[in-house]
Amino acid sequence: MTSEQVTAKATTPALGRKHRRRMPPEVNILLVLIGIALVFEILGWIFAGQSFLMNVQRLRIIILQVSVIGIIAVGVTQVIITGGIDLSSGSVVGMTAMIAASFAQASTWARPVYPALTDLPFFIPIGIGLGIGLLAGIINGWLIAYTKIPPFIATLGMMVSARGIAKWYTKGSPVSGLTDQFNFIGTSIWPVVVFLVVALVFHIALRYTRYGKFTYAIGANVQAARVSGINVEKHLIKVYAIAGLLAGLAGIVTAARAQTAQAGMGVNYELDAIAAAVIGGTSLAGGVGRITGTVIGAIILGIMISGFTFLRVDAYYQEIIKGVIIVAAVIVDVYRQKKRKV
Amino acid sequence: MAVSPSTMAAVRASGAIPQSEYLLNVENIRKEFPGVLALDNVQFRLKRGTVHALMGENGAGKSTLMKILAGIYIPDQGEVHLKGLPIRLKSPLDALENGIAMIHQELNLMPFMTVAENIWIRREPKNGFGFVDHGKMYDMTAELFERLNIKLDPESQVRDLSVANRQMVEIAKAVSYESDVLIMDEPTSALTEREVAHLFEIIRSLREQGIGIVYITHKMNELFEIADEFSVFRDGRYIGTHLSTDVTRDDIIKMMVGREITQMFPKEEVPIGDVVLSVKDLSLKNVFHNVSFDVRAGEILGVAGLVGSGRSNVAETIFGVTPATSGTIEIKGEVVKMTSPTQAISHGMAFITEDRKETGCLLILDVLENMQIAVLQDRFVKYGFVQEKGITAACTKMSETLRVKTPNMEERVENLSGGNQQKVLIGRWLLTNPKILILDEPTRGIDVGAKAEIHRLVSQLAKQGVAVIMISSEMPEVLGMSDRVMVMHEGRVTGFLDRAEATQVKVMELASK
Ligand SMILES: Nc1ncnc2c1ncn2[C@@H]1O[C@H](COP(=O)(O)OP(=O)(O)OP(=O)(O)O)[C@@H](O)[C@H]1O
Ligand SMILES: [Mg+2]
């Protein structure tokens, strides 16, 4: 600390040692979150004659909904920080939900997918689900790192294929009759706990580990990162693998919450996750972004969806508005980039 | 003189123009960035048909003042008079339309576009259908190059050009605006003597046409060769303007630094040890051929040559950036495979690259993050966790040693002046305690004082037994620092000169044969 002040003093005599501390960028996003919540609160009293926020049931639904998107968004944030994108996470949710659930069926269920493999302990379907997600991520990462195809294309391919696998797996029929052990992870507020643990782990990983420093460096300037000795290919595979793993985890949680799995689970979740990251301040240009911002971004999205439902806004309008918000967030990002370049 | 299609032209036509001695007259300019007062009530005057040099240490505010004149920054306070009329420049386009063009310190070309497309960007000639007329654009570029005597193919892609040739393209682009004021921010930092001479020819002919040229440089000999007058800045303040015939080198340094610098090339005689790095018949197809040399512990091997001689390519290959197509690299007698920088670093190598924007700086990250990134490969990390305290202390100390001018360690590197960015990169590699240090134009854009400091550091490292390879286009640097000079020409080594026998003439002979 003292040495820093000395440098500043010695070199910028005109301003003395005016020391500028950067305000964490999350503060702004948090203010937006509070603002939006208050707007719905006021609209609630005007149009619905009741409080929006003072409703435990509603808050519970919001945080549960946020959890699944949030788990995915934590992975997607890291991908975007490297300057990439992951469009496959929603489909990976559907695929892992189906496959994990097929190993979590109870023997009491009439038509299990694998009649010989029922009543397995919970860690088997969970392990398989995580493994499938991880594998999808590794394939994404490998394609991007070694064939040099753009992340957009590689993960678009995975998006289509993973959804295909989800549908092909049971020829379209849902997988039900899951064991209580497996369903447990989706009950009560356990999804929220999973989300918070995931967010904390990767918040720490990004800020305090070498993995994190390298992730930002790659996003800031790939060539410079490579010359500085970072094995860029290996690192990208790691990042996409983590994103896949987290999408797989989200698939497990989704199936457990619904106590059944369907091939259509997770449709458009990748867009919500990207939106959460971007609203939370992650830059699509790479090199910038934090997990705390993404968590707040996910909550903002959750509150808006719940708020519109609460105000009985038509579902079609909701989607239109969501699209507008995503574009607006990107515009803000582009504007921030521009301002920086001045 | 070329008439620019500008608002000034309109004013001039109206006959209301007061004749002014000065093309540009700038007064009381103040510009503050968060935590930094970059310019404090400075003044600057540019006469027609003169070359006016701007001198000052890294971070003195030279580029900031020029960016104000080029419409990139808006000053907090102060007036700009262009040909006697007050003017407020609001954007780079605005400045161009008023006849002010600038060549920036960092290259700004689009790598995936052709030379011609880069030069005529946003003013491409159109055909009858409103599409870009590529044929005409080609002709215009060829004509421009002909006039400036530049031998480059207008159709080649910029990413295939060397840094020096990109710089020549930037120069041609700026000239093509036919402006009245041409600002050049360290145009020669990436050029070798031959292109510098070429650039000076261009500058002289522009001067004869009555154009005013602002020329920023850290190279003293250039000042005496090309500048008519010069202004000195220090810590954001204006120190003075003089004719370049009125002063000596030492006078200028004193004005710039505020103290005297005694020794410019503090080369120390150190015992030369065993061979550390041995390169045998190294080739990269179509780029360089059969390069062989040894570097010993404590030795500084200077590498000289013209642009395109393949010096930087050899360095990149040794460092594993572009693996060799044939030949061997031995470290301490053992043949090693060098297929990635990661491997090179694990063998104790460090490489300060030539192009700090492309392969050096993590511009949007801060000073600390930039400095620590290479050393984190194998130090200051425990169980994957970065030891923040240790690394922060080490980086802070390094930035003090190199006298990096920054408000704090959390400042984004893109906000630092060019020379200070270079210091951050040097710090990044010195932190790794290398056994073999490869420097490609290490003092590019660095001021006299800091240059001496960096040379002293390199000498000290050599004393500690580090083997140093130093590529440099600056002859005094090569001759002053090297124990031996290797000279290259068109991808081949043309000779070695010992310290005692190396002279400018001999080096140039080998470089052009
Ligand atoms: N966009 C910016 N934001 C914050 N600080 C800045 C910005 N641009 C320049 N500075 C600061 O203003 C000071 C002057 O910088 P400037 O680039 O003008 O120096 P310079 O004289 O051109 O130095 P050099 O010889 O190294 O190129 C420096 O301390 C720099 O850190
Ligand atoms: Mg500068």
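**Close-up views of the chain A and chain B model**

**View 1. The interface of chain A and chain B.** About 3,700 Å² is buried between chain A and chain B, and carbon and sulfur atoms give 56% of that area. The model is predicted. Chain A brings 39 residues to the contact, and chain B brings 50 residues. Between the two chains, 12 residue pairs are in polar contact, both partners at pLDDT 80 or more.

**View 2. The chain A side of the contact.** Four elements of chain A each give two or more residues to the side that touches chain B: α1 (2-11), α8 (190-208), α9 (210-220) and α10 (222-227). Of these, α9(A) gives the most, with 6 residues. By class, this side of chain A has 16 nonpolar, 13 polar and 10 charged residues.

**View 3. The salt bridge across the interface.** The rule finds 1 salt bridge across the interface of chain A and chain B. Its partners are Lys213(A) and Glu388(B). The N to O distance is 3.3 Å. Side chains of opposite charge can pair when their charged atoms come close.

**View 4. Arg147(B) with Glu178(B).** These side chains form a salt bridge, at 3.5 Å from N to O. The pair links distant parts of the chain, 31 residues apart. Arg147(B) lies in helix α5 (residues 134-148) of chain B. Glu178(B) lies in the loop between α6 (163-176) and β7 (181-185) of chain B. Arg147(B) counts as partly exposed because its relative accessibility is 46%. Glu178(B) has a relative accessible area of 31%, so Glu178(B) is partly exposed too.

**View 5. Arg311(B) with Glu441(B).** A salt bridge joins these side chains, with 3.8 Å from N to O. Here too the pair links distant parts of the chain, 130 residues apart. Arg311(B) sits in helix α10 (residues 311-318) of chain B. Glu441(B) sits in the loop between β19 (436-440) and α16 (448-463) of chain B. Both Arg311(B) and Glu441(B) are buried.

**View 6. Further salt bridges within the chains.** In chain B, the side chains of Arg412(B) and Glu414(B) meet in a salt bridge, at 3.2 Å from N to O. In chain A, salt bridges link Lys148(A), Arg226(A) and Glu233(A) in a network. Over all chains, the count comes to 19 salt bridges.

Note on methods: Residues are numbered from 1 along each chain as its sequence is written. Chains are lettered from A and ligands numbered from 1 in the order in which they are written. This is a predicted model: local features need pLDDT of at least 70, side-chain atom pairs count only at pLDDT 80 or more; totals for chains, interfaces and linings use all residues. Side-chain values use heavy atoms; hydrogens and water are left out. Contact means heavy atoms within 4.5 Å. Buried area is the accessible area (1.4 Å probe) that two parts lose on being put together, summed over both. A salt bridge is a side-chain nitrogen of Lys or Arg within 4 Å of a carboxyl oxygen of Asp or Glu. A polar contact is a pair of N or O atoms within 3.5 Å; within protein, one must be able to donate a hydrogen and the other to accept it, and residues adjacent in sequence count only if both atoms are side-chain atoms. Ala, Val, Leu, Ile, Met, Phe, Trp, Tyr, Cys and Pro count as nonpolar, Asp, Glu, Lys and Arg as charged, and the others, Gly among them, as polar. Buried means under 20% relative accessible area, exposed over 50%, partly exposed in between (1.4 Å probe, protein chains only).
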